[in-house]
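Me: I would like to go through a protein model step by step. Could you show it to me before we start?

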Amino acid sequence: MTLLGHTRYCDEILAQTALLADLVTDADLTRRVPTCPDWSLRELVVHVGGAHRWAGEIVRRRAAEDVPEDGVRGAAGPEGGDAGALRAWLVEGAAETVDALREAGPDTPVWTWAWDHRTAFWARRMAHETTVHRADAALATGAAYAVAPDLAADTITEWLRIVAFAQAEGDPEAAELRGGGRSLHLHATDVPDAEWLIEFGEDGFTWRRDHAKATVALRGPLTELMLAFNRRQKPDEGGLEVLGDRALLDFWLERSSFG
């Protein structure tokens, strides 16, 4: 499974946003989100919609440096507790951002906080940002959650790349993900070739798509694997099983929790 492509990421921003919007239409917006306990459901949605607008503004401006979020039109969301207004605001912002991404194409140079300074980065990042936060909303409202296998797999791959970048940039938590002779294997049991091997070296960690014996393995359905890897559920929930050194898995999850 490889990168999904600019068109697909743009499509997923719209699709995942629509699904998220459906979850808040009749929901209690003051309900706390268990996987983001500092946020109410409304605050979760405003975070996602604000991120869309911020990324879209960067792309529209072809910005060569960071754009302050407080300078992005409409990023704070609608006032009050009207779920209909919040839903409309969320969908509108995603559509505007996707329009900007599609007009720019994947290779236009823009500012990003990461390793890839092209619009392609923002398309992928916003697709996965929305996918994972939709899971937060589903857990908060008791709704079912499902995601396409290739999107779930790419969410894991992108997060590994983000953690590796954070380690290279000196993030103190990611910096601790080292120590020779240890490894972590992620193994989806319901999708062929959806496996990742993370190896801890003295200078940091590396990862690759591979099937290999490891110090600890996390196995189970791909969507559940993705949720656990993104700390949206416990590693032994949802049909998952931990084989080997559970402490090493916990060590990874604790120190890759800055996102």
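Reply: The questions and answers below go through some helices, a pocket and a few single residues of this model.

Me: What kind of model is it, and how are the residues numbered?

Reply: This is a predicted model, in which local features need pLDDT of at least 70, side-chain atom pairs count only at pLDDT 80 or more, and totals for chains, interfaces and linings use all residues. Residues are numbered from 1 along each chain as its sequence is written, and side-chain values use heavy atoms, with hydrogens and water left out.

Me: Let us start with α1. Which of its residues are buried?

Reply: The buried residues of α1 (6-24) are H6, Y9, C10, E12, I13, Q16, T17, L20, A21, L23 and V24. They lie on the same side of α1, because they cover an arc of only 165° around the axis. Helices here are DSSP runs of H or I with at least four residues, strands are runs of E with at least two, and both are numbered from the N terminus. Buried means under 20% relative accessible area, exposed means over 50%, and partly exposed lies in between (1.4 Å probe, protein chains only). The arc is that of the directions from the helix axis to the C-beta atoms.

Me: What do those residues pack against?

Reply: The buried residues of α1 pack against α2 (41-61), α3 (83-104), α4 and α5 (149-168). Contact means heavy atoms within 4.5 Å.

Me: How far apart are the ends of α1?

Reply: The end C-alpha atoms of α1 are 28 Å apart, which agrees with the 27 Å that its 19 residues should span at 1.5 Å a residue. The expected span is 1.5 Å times one less than the number of residues.

Me: And α4, how many of its residues are buried?

Reply: In α4, 21 of the 23 residues are buried, so this helix is largely enclosed by the rest of the structure. Its end C-alpha atoms are 33 Å apart, in agreement with the 33 Å that 23 residues should span at 1.5 Å a residue. Just after α4, G142 takes a positive phi of about 75°.

Me: Which residues does M126 touch?

Reply: M126 lies in helix α4 and is buried, with a relative accessible area of 3%. Leaving aside neighbours within four places in sequence, M126 is in contact with I13, A51, H52 and A55. M126 and Q16 are 110 residues apart in sequence, and their C-alpha atoms are 9.9 Å apart in space.

Me: H52 came up there. Where does it lie, and is it buried or exposed?

Reply: H52 lies in helix α2 and is buried, at a relative accessible area of 0%. Not counting residues up to four places away in sequence, H52 touches I13, T17, L90, G93, A94, T97, M126 and T130. The C-alpha atoms of H52 and V98 are separated by 8.8 Å, although the two residues are 46 residues apart along the chain.

Me: What about H128, what is it in contact with?

Reply: H128 lies in helix α4 and counts as buried at 1% relative accessibility. Apart from neighbours within four places in sequence, H128 is in contact with Y9, L151, D154, T155 and E158.

Me: Changing topic: which residues line the second largest pocket?

Reply: The second largest pocket is lined by L3, G5, H6, Y9, P106, W115, D116, R118, A120, F121, R124 and E158. The residues of this lining divide into six nonpolar, two polar and four charged. Here Ala, Val, Leu, Ile, Met, Phe, Trp, Tyr, Cys and Pro count as nonpolar, Asp, Glu, Lys and Arg as charged, and the others, Gly among them, as polar. A pocket is an open set of points on a 1 Å grid over the protein atoms alone, where a 1.4 Å probe fits, with protein on both sides within 12 Å along at least five of seven lines; lining residues have an atom within 4 Å of a point.

Me: Which helix gives the largest share of that lining?

Reply: The largest share, three residues, comes from α4.

Me: One last topic: where does D193 lie?

Reply: D193 lies in the loop between β3 and β4 and counts as exposed at 63% relative accessibility. D193 has a positive phi of about 65° although it is not a glycine. Most residues other than glycine have a negative phi.
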